[in-house]
Amino acid sequence: MKLQSRVCEILQIEQPIVLAGMGGASSPALAAAVSNAGGLGVLGAAACGPRQLRQWIRQTREMTDKPFGVDTLLPASVRRANYEDSDGPTPRDLLPERQAFAEEFMRKEGLEPPAGQPPRQEEDGPPLFTQAFFEAQMEVIIQERIPVYASGLGNPGPWMDELRANGTKVMAVVGAVRHAIQVKSSGLDIIVAQGHDGGGHNSPVGTMALIPQVVDAVGDTPVLGAGGISDGRGVAAALMLGAEGVWVGSAFLASEEANIFDFQKQAIVDATEEGTSVSRTVTGKPARIIRSKWTEHWLREDVEPLPMPYQGMISGPVMAAANKGERGDVNPGFAGQGIGMIKSVRPAKEIFDELVWGAEQALSGTTNLMR
Ligand SMILES: Cc1cc2nc3c(=O)[nH]c(=O)nc-3n(C[C@H](O)[C@H](O)[C@H](O)COP(=O)(O)O)c2cc1C
């Protein structure tokens with residue numbers, strides 16, 4: 001008996017375990033390791049400019065001959081988030097004040113502000129997270145004829161014809177039934193239901209409640225469960241809730257291959273299940289993150305973060321300074337509530353094999369629960 005489902009046929013993989021596209025962290029080395037282990041590795045390319053994205057796709061192809069995916073965000077959702085309030089000061093008006101707030105924080109923490117703009121933004125394609133940026137990414141995704149595309153926010157509908165013409169399988173991450181119904185209407189292959197427990201941008205609805213409700217709403221479109229799944233029991237539980245596979249992020253963050261700093265891997269190993277909170281302090285959208293001096297400072301001072309993309313302009317220099325100073329207490333990174341289960345940094349293949357083994361054990365054990 002092996003862990004297998006319809007998702008394996010659709011994605012041409014051996015086990016229905018997919019590495020979540022985690023921006024920057026799900027690198028070519030990590031995606032290739034998961035694909036080589038028998039799952040699907042998905043590159044976290046949300047912030048990759050077109051040149052870096054093409055490079056990442058090519059590097060992944062050099063490290064695996066198995067299918068892999070690319071995850072980016074899509075413009076519609078960001079256009080909606082770029083709103084400017086008609087009453088009162090706009091986010092743009094509030095930007096200088098909030099930047100001064102961040103500079104004061106850096107001074108207090110002894111963080112050295114980085115000089116100048118990050119070079120990638122100047123050299124690689126349109127400005128980050130603008131509509132032109134997303135379109136430039138999609139152009140590369142279509143030219144490179146990748147096996148699988150996943151949209152982390154928004155609806156891949158406008159690109160479906162071109163993706164289909166390349167034979168690319170398409171997935172979208174959703175956090176509510178109404179979003180699942182919207183993306184299903186574009187005729188995609190798989191829907192990822194990511195609940196509140198998950199790391200990064202997430203849903204207000206808990207994973208346990210979200211998965212079965214999305215499954216019921218989308219008919220015969222297969223669903224991957226996500227959010228807080230960090231061991232085989234979580235994989236089995238998602239399958240019991242009607243999912244046909246899982247989309248796992250944080251469990252793979254503490255891998256040797258993940259493209260995050262060692263001090264961030266250590267912060268994951270050190271954290272308990274209470275170690276995260278949902279905060280808008282990094283990107284401007286609610287995202288589950290390891291609690292830090294930065295997230296707590298905004299709460300303590302009772303200051304409201306600005307919407308995306310403005311909050312990123314405020315947090316960016318602080319996070320860069322924290323990285324330079326290897327300050328896990330300021331930038332430990334995004335992660336889900338399952339990190340209390342993570343006890344060490346290991347090769348991705350070992351993590352993958354344990355997810356499969358643990359799920360098979362848990363599922364075969366379910367017969368003991370019936371008398
Ligand atoms: C460090 C990190 C970065 C993330 N970046 C992205 C991203 O760029 N795009 C996206 O669709 N989801 C992103 N997510 C969410 C993941 O794709 C996934 O839904 C989540 O990790 C699942 O929950 P888990 O971490 O509890 O497994 C990120 C999550 C983490 C932990």
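In this predicted model, helix α2 passes helix α16 in a right-handed crossing. The two axes, belonging to residues 28–37 for α2 and residues 348–365 for α16, come within 9 Å and cross at roughly 40°. Angles under 35 degrees count as roughly parallel, and those from 65 to 115 as roughly perpendicular; α2 and α16 are therefore oblique to each other. On the α2 side the contact is made by Leu30, Ala33, Val34 and Ala37, and on the α16 side by Ala348, Lys349, Phe352 and Asp353. Sorted by class, this contact of α2 with α16 comprises six nonpolar, no polar and two charged residues.

Helix α3 (residues 50–63) and helix α7 (residues 131–143) have axes that come within 9 Å and cross at roughly 30°. Since angles under 35 degrees count as roughly parallel, α3 and α7 are therefore roughly parallel to each other. Here, too, the crossing is right-handed, with α3 passing α7. Pro50, Leu53 and Arg54 of α3 make the contact with Ala136, Gln137, Glu139 and Val140 of α7. The classes represented in the contact of α3 with α7 are four nonpolar, one polar and two charged residues.

The description now turns to the sheets. Eight strands form an open sheet with parallel pairing, in the order β1-β9-β8-β6-β5-β4-β3-β2. From one strand to the next, the twist averages 25°. Helix α2 packs on this sheet, where α2 touches β1, β2 and β3 (68–73), and the direction of α2 makes about 165° with that of β2. Within the sheet, strand β4 (residues 148–153) and strand β5 (residues 169–174) run parallel and are joined by four bridges. Ser151 stands opposite Ala172 in β5.

Another open sheet consists of three strands in the order β7-β11-β10, and its pairing is antiparallel. Its edge strands are β7 (200–201) and β10 (276–279), each pairing on one side only. Strand β11 (residues 287–290) pairs with β10 over four bridges in the antiparallel sense. Thr276 has Ile290 in β11 as its bridge partner.

The ligand is surrounded by 29 residues, of which the closest are Gly152, Gly199, Gly200, Gly249 and Gly336. The elements that contribute two or more residues to this shell are β9 (245–248) and α12 (250–253). By class, the shell around the ligand divides into 12 nonpolar, 15 polar and two charged residues.

Two details of backbone geometry remain. The peptide bond from Met308 to Pro309 is cis, with omega near 10°. Pro309 is located in the loop between α14 (293–301) and α15 (310–324). Arg145, a residue other than glycine, has a positive phi, near 50°. Arg145 lies in the loop between α7 and β4.

Note on methods
Residues numbered from 1 in each chain as written. Predicted model: local features only at pLDDT ≥ 70, side-chain atom pairs only at ≥ 80, totals over all residues. Near = placed C-beta within 6 Å. Nonpolar A, V, L, I, M, F, W, Y, C, P; charged D, E, K, R; others polar. Axes fitted to C-alpha atoms, helices over the stretch in contact; angles between N-to-C directions. Parallel < 35°, antiparallel > 145°, perpendicular 65-115°, else oblique. Left-handed = near helix turned anticlockwise from the far one by under 90°. Contact = placed C-beta atoms within 7 Å. Pairing = 2+ DSSP bridges.
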